[in-house]
Amino acid sequence: MASTETKTVTDAGSVEAGLDALEVVAAGRTPFRQTFTSKILPPVIATAVVLVVWQALISFKIVDDPTKLPSPADVGGEFKRAWLEGTLLGYIWTSVSRGLLGFLFALAIGTPLGLLVARVKFVRAAIGPVLSGLQSLPSVAWVPPAVIWLGLDNKMMYAVILLGAVPSIANGLVSGIDQVPPLFLRAGRTMGATGVRGAWHIVLPAALPGYLAGLKQGWAFSWRSLMAAEIIASSPDLGIGLGALLENGRNASSMSMVFEAIFLILFVGIAIDLLIFSPLERWVLRSRGLLVKG
C-alpha cells in the first residue's frame, strides 16, 4: 500500500514537472523566421496586393480621372515633396502630440470617474446613462460648441478629445469592474484592502482586461475627435495637423494630398496600436497565463 501511494505521488510530480517543462519550452523566444512569416509578411503581401490593384485601375483606364483617383506614383510624389520641404514630420507631430496629450488628460479624468460610477450606486444611476449616451454621440458634434466656447486654439482641440474619449475610458473600466468576481473583493476586504488601497490593489488589477479595452476604444475616439476638430476648425494659430492637411487637399482639389493625409492618419493609428496597446495586451494576457507564446 505504501509503495502504491509513493508511486502515485511520484507520478503526479512527474506530470507536473512535465507540464512545467512544456510551458517553459512554449514560452521561449519565437524564432525570427516564424515571426516574419506570421506577423511581418502578411501585411506586406496585403499592402502589395492593394498597390497592384490600385495601379491596375489606373493602367487599364478603369478609372482614368486623376482628380478622382491619383496613381500610387502621384501620391508617392506628394510624400516626397512634403519630406523635401520638411513639413511631413511636422504634420504628424502636430496631430500626434495633441492626440496623446489629450488622451492622457482623458485618462486622468476617465479612470476615477469610472471607479466612482462602478462603485457608487447613486452615481451609476445618475451618470451611467449619460456616459453611454455621450459615447454614442458623434465626436464631430462637439466641434461647433467647443469653438464657440473656447475659440480657435488648442484648448478647443483638447476639449473635443476629452468629450470623445472620457466616456469610453470610464465605460470600459465600469465594464471591467462589473466582471470582477465578488470573491476577490471579499478577500481584499478581509486582508484590509479597502477604499483607495482596495481599488489600487484589487479592483484595478482584476478589471485590467476590460479597462484596457476601454483605453483602446478611448484612444480611437480621441484620434477621431481630433481629426474632426482639425478638419472643421482651421486657423493659422493651430498649425497644420493631419486633419487640416486633409481639408487643405480638398480645398485645393488635390486628391494626391487627400490620399497623403488619409495614409498618414492610418499610419499613426496603426503605429500607436502596435507600439502601445498591443504590447500592453500581450503583457496582460501573459500575466494571466492566457498567452504562452510571445
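The legends below describe several close-up views of a predicted model. Residues are numbered from 1 along each chain as its sequence is written, and side-chain values use heavy atoms, with hydrogens and water left out. Because the model is predicted, local features need pLDDT of at least 70 and side-chain atom pairs count only at pLDDT 80 or more, whereas totals for chains, interfaces and linings use all residues.

**View 1. Helix 11 and helix 12 cross in a left-handed manner.**
Helix 11 spans residues 242–251 and helix 12 spans residues 255–287; helices are DSSP runs of H or I with at least four residues, numbered from the N terminus. The axes of the two helices come within 7 Å and cross at roughly 160°. Here an axis is a line fitted to C-alpha atoms over the stretch in contact, and angles run from 0 to 180 degrees between N-to-C directions. Helix 11 is therefore roughly antiparallel to helix 12, a term used for angles over 145 degrees. The crossing of helix 11 and helix 12 is left-handed, that is, the near helix is turned anticlockwise from the far one by less than a right angle. Helix 11 contributes Leu242, Leu245, Leu246, Asn248, Gly249 and Arg250 to the contact, and the residues from helix 12 include Met257, Val258, Glu260 and Ala261. Contact means heavy atoms within 4.5 Å. The residues of this contact divide into 10 nonpolar, 2 polar and 2 charged. In this grouping, Ala, Val, Leu, Ile, Met, Phe, Trp, Tyr, Cys and Pro count as nonpolar, Asp, Glu, Lys and Arg as charged, and the others, Gly among them, as polar.

**View 2. Ala170 and Asn171 lie in helix 7.**
Helix 7 covers residues 154–178. Ala170 counts as buried because its relative accessibility is 0%; buried means under 20% relative accessible area, exposed over 50%, and partly exposed in between (1.4 Å probe, protein chains only). Not counting residues up to four places away in sequence, Ala170 touches Gly110, Leu113, Gly114 and Leu131. Leu131 is 39 residues from Ala170 along the chain, and their C-alpha atoms are separated by 7.9 Å. Asn171 also counts as buried, at 19% relative accessibility. With neighbours within four places in sequence left aside, Asn171 is in contact with Leu131, Ser132 and Gln135.

**View 3. Glu78, Arg81 and Glu85 are linked in a network of salt bridges.**
A salt bridge is a side-chain nitrogen of Lys or Arg within 4 Å of a carboxyl oxygen of Asp or Glu. Glu78 and Arg81 are separated by about one helical turn because they are 3 residues apart in helix 3 (residues 72–85). Arg81 also meets Glu85 in a salt bridge, at 2.9 Å from N to O; these two residues are 4 residues apart in helix 3, about one turn of the helix. Glu78 is buried, with a relative accessible area of 12%. Arg81 counts as partly exposed at 32% relative accessibility, and Glu85 counts as partly exposed at 48%.

**View 4. A salt bridge joins Lys216 and Asp273.**
The N to O distance in this bridge is 3.4 Å. The pair links distant parts of the chain, with Lys216 in helix 10 (residues 208–232) and Asp273 in helix 12, 57 residues apart. Lys216 is partly exposed, with a relative accessible area of 29%, and Asp273 is partly exposed, with 23%. A search of the whole structure finds 7 salt bridges.

Terms used
Parallel < 35°, antiparallel > 145°, perpendicular 65-115°, else oblique.
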